[in-house]
Amino acid sequence: MASFPLPLQPARSFGQTHRQDRWWLQPLSVLVGLTLFVVYATWAALQGEYYTYGPYLSPFYSPELWGRSEHAWWGPVPSWWPAWLPYSPAILILWAPAGFRLTCYYYRGAYYKAFWADPPNCAVGEPRHGYIGENGWPLRIMNIHRYFLYLAILFIFILAYDALKAYRFADGFGIGVGSLVLTVNVILLAGYTFGCHSLRHLVGGRRDNLRTARWCSGLYRGCSALNRRHMLWAWISLFSVMFADLYVRLCAMGIWKDWRLL
Amino acid sequence: MPQILFRIWRGDRHGGQFRDYQVEIGEGMVVLDAIHQLQATQAPDLACRWNCKAGKCGSCAAEVNGIPRLMCMTRISDFPPDQPIIVEPMQTFPLIKDLVTDVSWNYQVKQRIAPFRPRPPDAPDGTWRMSQADIDRVQEFRKCIECFLCQDVCHVLRDHHKHEEFIGPRFFVHTAALEMHPLDTENRIAALKRDFHIGYCNITKCCTKVCPEQITITDNAIIPLKERVVDEFYDPVLKLIQLVFRPRRSSSVPAPSSSPHPQSAPTLSSASATTSAPVSPSSP
């Protein structure tokens, strides 16, 4: 039997591997994709303008708690907001979906590889010898994921309401390209949110006897079906939410014209 | 017949090097065939562990072109013929000789995990009733052939050598099969956190990618176990809700004992193999 310490072979140095494939392509793609999104989302969230066009409201700015547009829930910018601090409705709410994605099991695995090279990819040497992982602080905070999930589900309902409102134009019911963009966006976001590993656990996975609660069994099967493509949902919903903001923004700036289909 | 260059690790724990061999390749050959041909013609002292040649025993686990694989399931035609095929032993375990490693650490780990402990029988004849739906989830984990490729690729073991603290993906699968079993009453959640350090797993899914049985290790075993740890240690709201609205999970079953489990208890295999049917303690 093995006895400690095990006579193991020394760990390989950073990037050392005998893999012949382009193992660097996947983490590089994640790094580029996530960086692109973070840069755009930060820029868009700090603009504080061009986030509505007619019945459309950018998903980065929804819900607009206080603001200048007709979508604002509680009126204009509150008087208690510091005058020296630029106001944008997005910065009040974006922390919730950002936290949901930051603590998502899929994204964690992806950005640990892409941003920390921990590991750079499977069976590829790492740059550091010390390792704590999520076993200690600060990464133990990732266990908060399910609380962000609760907020993310709330956001899905809010964005669904926004998507419905996107069919109510000044002259009545209508369908614009923007209406479809916002509708597809909320469907993709729902696919990502309702396939969450934490939700899958909470609705049924935590039980050993699913048969005793049939509604749990049904929800668990539904979540599991979405969860099997969680990575796909994560990426397409990430880009759809970015595109939805871009669409509303370019329409509001007069660069794109919103075509009315009906 | 075409020839392909094989670059094979030769040596033991005191040292070694890659050596090149030209191997004649026939149609449909796998890497293990090439190794056997080498043993028969050029390197009779080449050490290699193998048994079934059908991807079911897990003995011939090694690293081919840097990726942990079963040699008997790796077709040579999958690789470009103009480049050498590199074959080396698993990096995560102590090397014995050439392609053979000492995987006995895994058996020590398994002994640390509390075994299956069923609830009292459901029927007067000493048998249990389970639904197929409840068993389906753990059936996936029972496909494991213990090739230990997942252990090999896991960077917590491979690069950080946390063998004394971390049990690795294979044994999270084993623990999940026990924890999610509808008859099991043992609670291994505290051990998962404190003794087996499931928090070291940072969900890179490498274990899932190399599994020759296509077990969805990360999504179906490790993450659900991590969520159960969150239930127990990191979710005060859920604990409060459980405290107020429902009895605790273990209240309907006898309290777990710290002693080894009774000899008469059925094994995990005897219970789960007979789903939707009475399970007898004496069934094989």
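A polar contact is a pair of N or O atoms within 3.5 Å; within protein, one must be able to donate a hydrogen and the other to accept it. In this predicted model, 33 residue pairs are in polar contact across the interface of chain B and chain A, both residues at pLDDT 80 or more. Salt bridges cross that interface too, and there are 7 of them. Over all chains, the count of salt bridges is 29.

**The interface**

- The contact involves 54 residues from chain A and 67 residues from chain B.
- About 5,300 Å² is buried between chain B and chain A. Carbon and sulfur atoms give 50% of that area.
- Three residues, Arg137(B), His160(B) and Glu227(B), supply 11% of the area that chain B buries against chain A.

**The chain B side**

- Several elements of chain B give two or more residues to the side that touches chain A. Among them are strand 4 (67–70), strand 5 (85–88), helix 2 (104–112) and helix 3 (132–139).
- Helix 9 of chain B gives the most, with 9 residues.
- Sorted by class, this side has 26 nonpolar, 22 charged and 19 polar residues.

- Side chains of opposite charge can pair when their charged atoms come close.
- Asp235(B) pairs with Arg146(A) in a salt bridge, with the closest N and O atoms 2.7 Å apart. Asp235(B) sits in the loop between helix 9 (217–233) and helix 10 (236–245) of chain B, while Arg146(A) is in helix 5 (residues 145–165) of chain A, so this pair joins two chains.
- Asp235(B) has 2% relative accessibility, so it counts as buried. Arg146(A) has 1% and counts as buried as well.
- Both residues belong to a network of salt bridges that also links Arg206(A), Glu227(B) and Asp231(B).
- Asp208(A) and Arg228(B) also meet through their side chains in a salt bridge, at 3.0 Å from N to O.

**Salt bridges within one chain**

- In chain A, Arg260(A) forms a salt bridge with Asp171(A), and their closest N and O atoms are 3.5 Å apart. Arg260(A) lies in the segment after helix 9 (230–252) and Asp171(A) in the loop between strand 3 (168–169) and strand 4 (172–173), so the pair ties together parts 89 residues apart in sequence.
- Arg260(A) is partly exposed at 36% relative accessibility. Asp171(A) is exposed, at 59%.
- In chain B, Asp184(B) forms a salt bridge with Arg188(B), with the closest N and O atoms 2.8 Å apart. Both of these residues are buried.

Note on methods
Residues are numbered from 1 along each chain as its sequence is written. Chains are lettered from A and ligands numbered from 1 in the order in which they are written. This is a predicted model: local features need pLDDT of at least 70, side-chain atom pairs count only at pLDDT 80 or more; totals for chains, interfaces and linings use all residues. Side-chain values use heavy atoms; hydrogens and water are left out. A salt bridge is a side-chain nitrogen of Lys or Arg within 4 Å of a carboxyl oxygen of Asp or Glu. Helices (H or I, at least four residues) and strands (E, at least two) are DSSP runs, numbered from the N terminus. Buried means under 20% relative accessible area, exposed over 50%, partly exposed in between (1.4 Å probe, protein chains only). Contact means heavy atoms within 4.5 Å. Buried area is the accessible area (1.4 Å probe) that two parts lose on being put together, summed over both. A polar contact is a pair of N or O atoms within 3.5 Å; within protein, one must be able to donate a hydrogen and the other to accept it, and residues adjacent in sequence count only if both atoms are side-chain atoms. Ala, Val, Leu, Ile, Met, Phe, Trp, Tyr, Cys and Pro count as nonpolar, Asp, Glu, Lys and Arg as charged, and the others, Gly among them, as polar.
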